[in-house]
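Reader: I am new to this structure and would be grateful for a close look at a single part of it. Could you please describe the place where the domains meet?

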Amino acid sequence: MDEFGYRGSRLFCEDVDLETVASGAGTPTYVYSLGTILGHYRRLEKAFAGVDHLVCFSMKANSNLAVLAALAREGCGFDIVSGGELYRLKKAGADMSKVIFAGVGKTSEEIGAALKAGISMFNIESWPEAERINRLAGAMGRRARVDFRLNPDVDAHTHAYITTGKSENKFGMPMADAARLFRGAGRLKNLQVTGIHLHIGSQITQVKPYLEAVEKAGRLIADLRRRGHAVSTLNLGGGLGIIYNREAPATADQFAAAVLPRVKGLGVKLLLEPGRFIVGNGGVLLTKVLYLKRSRSKTFVIVDSAMNDLIRPSLYDAYHEILPLRRGSRSPARKVDVVGPVCESGDFLAKGRRMPLPAQDQYLALRSAGAYGFVMSSNYNSRPRAAEVLVHGGRWQVVRRRERQQDLVLGETIPAYLGK
Ligand code: LLP
């Protein structure tokens with residue numbers, strides 16, 4: 001469900017004609033629909049209303065300040081993975097008591113900043129990390145709330161790069177070690193261990209892997225309690241899938257209906273860390289056709305966005321639907337490669353895509369680009385990064401200006417020893 005669609009021949013985002021945005025803000029530009037993003041958040045909130053829970057938006061998916069501020073004002077919590085993300089949340093005015101800090105490689109500086117900011121808790125990913133948080137919290141006269149991220153060894157049936165819950169992944173610690181970890185943490189006086197965290201992967205379309213994970217969690221929680229450990233939180237991570245092409249992912253309600261009966265009996269507060277589910281279909285990337293080019297075997301549509309703007313097709317072979325901002329050409333569908341200007345054969349946005357052949361200078365929208373789009377963009381080939389726009393009803397505003405060429409060399413210096 002999203003608020004992008006045609007009105008007559010024009011593609012709209014909520015009540016805004018996207019061609020107005022493309023010509024006003026230029027391209028490439030990411031456009032986010034506030035209504036869609038908040039709609040997804042609210043749907044999840046509603047689905048889980050029956051249990052004590054907190055939805056923590058996984059801001060690695062989209063960390064634009066405007067998006068964060070909008071979610072914060074709705075009461076959403078956040079899942080962060082770096083000091084930089086913590087910094088953004090402070091700027092966005094988020095409630096720190098709803099912030100969870102995850103990630104395998106937290107530095108002392110990042111841990112210190114998070115403790116100082118008063119975040120809710122840390123997901124601990126290794127024993128030395130537990131010791132470090134304990135030491136730093138002690139030095140600050142604080143007690144840190146933590147849980148242990150465990151690896152449930154569940155196959156999420158998704159892309160290899162975004163499967164995280166298998167035992168060969170770098171994330172979490174073996175479930176079999178949980179009792180030992182809880183016992184050990186009992187000796188770390190500046191830690192308060194609240195429970196366990198499981199994240200099995202991303203773009204998961206079925207409920208089955210979650211059920212497997214919850215069942216394993218339930219057995220483990222019972223075992224930990226038998227051994228005298230208090231367990232009051234269960235974090236099921238993120239990973240809820242969305243529609244890019246022909247997927248039929250479980251809805252928030254279906255997910256809740258499957259998981260809740262099992263969670264209810266556990267007597268824990270449920271934490272969720274969705275990223276893609278909230279923002280994925282809430283954003284598009286606007287781009288303009290620069291040239292059409294035919295080789296002997298292929299037709300290339302060369303656009304002004306590239307792998308540096310949206311890397312998902314190159315990196316994961318991901319599918320993003322491509323729509324013209326102005327529909328109506330009756331040109332029959334053709335098989336084309338949509339490619340960018342970056343000097344790599346891996347620079348493509350779509351391969352072998354059947355679509356009406358667009359005209360030069362025509363605007364296109366790449367759909368489902370609200371998650372892991374702008375945040376994974378880079379300056380490769382010295383391309384300034386795209387602008388970001390937030391739409392709210394009939395209003396739109398640039399919420400991150402397009403980078404300028406002078407931004408590209410920010411912080412760089414030519415050493416004097418190079419001479420003149
Ligand atoms: N929690 C943890 C511990 C995670 O590692 C992740 C994502 C999330 C929550 C949020 O997952 P989500 O709900 O968005 O699926 N760049 C890839 C996705 C990488 C996901 C990394 N971890 C992509 O473009 O598909």
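**The interface of the domains**

Author: Eight residue pairs are in polar contact across the interface of domain 1 and domain 2, counting pairs in which both residues have pLDDT 80 or more. The model is a predicted one, and the values here are computed from it.

As for the parts themselves, domain 1 is made up of residues 4–31 together with 280–409, while domain 2 covers 34–276. Their centres, taken over C-alpha atoms, are separated by 32 Å. Contact between the two involves 22 residues of domain 1 and 19 residues of domain 2.

The size of an interface is often expressed as the accessible area that is lost when the parts come together. Here domain 1 and domain 2 bury about 1900 Å² between them, and 55% of that area lies on carbon and sulfur atoms.

On the side of domain 1 that touches domain 2, the elements giving two or more residues are helix 11 (312–316), strand 20 (387–392) and strand 21 (395–400). Strand 20 gives the most to this side, with four residues. Sorted by class, the side of domain 1 that touches domain 2 comprises nine nonpolar, eight polar and five charged residues.

Key. Residues numbered from 1 in each chain as written. Predicted model: local features only at pLDDT ≥ 70, side-chain atom pairs only at ≥ 80, totals over all residues. Heavy atoms only, no water. Domains from an automatic or database assignment. Contact = heavy atoms within 4.5 Å. Buried area = accessible area lost by both parts, 1.4 Å probe. Polar contact = N/O pair within 3.5 Å; in protein donor to acceptor, adjacent residues only side chain to side chain. Nonpolar A, V, L, I, M, F, W, Y, C, P; charged D, E, K, R; others polar.
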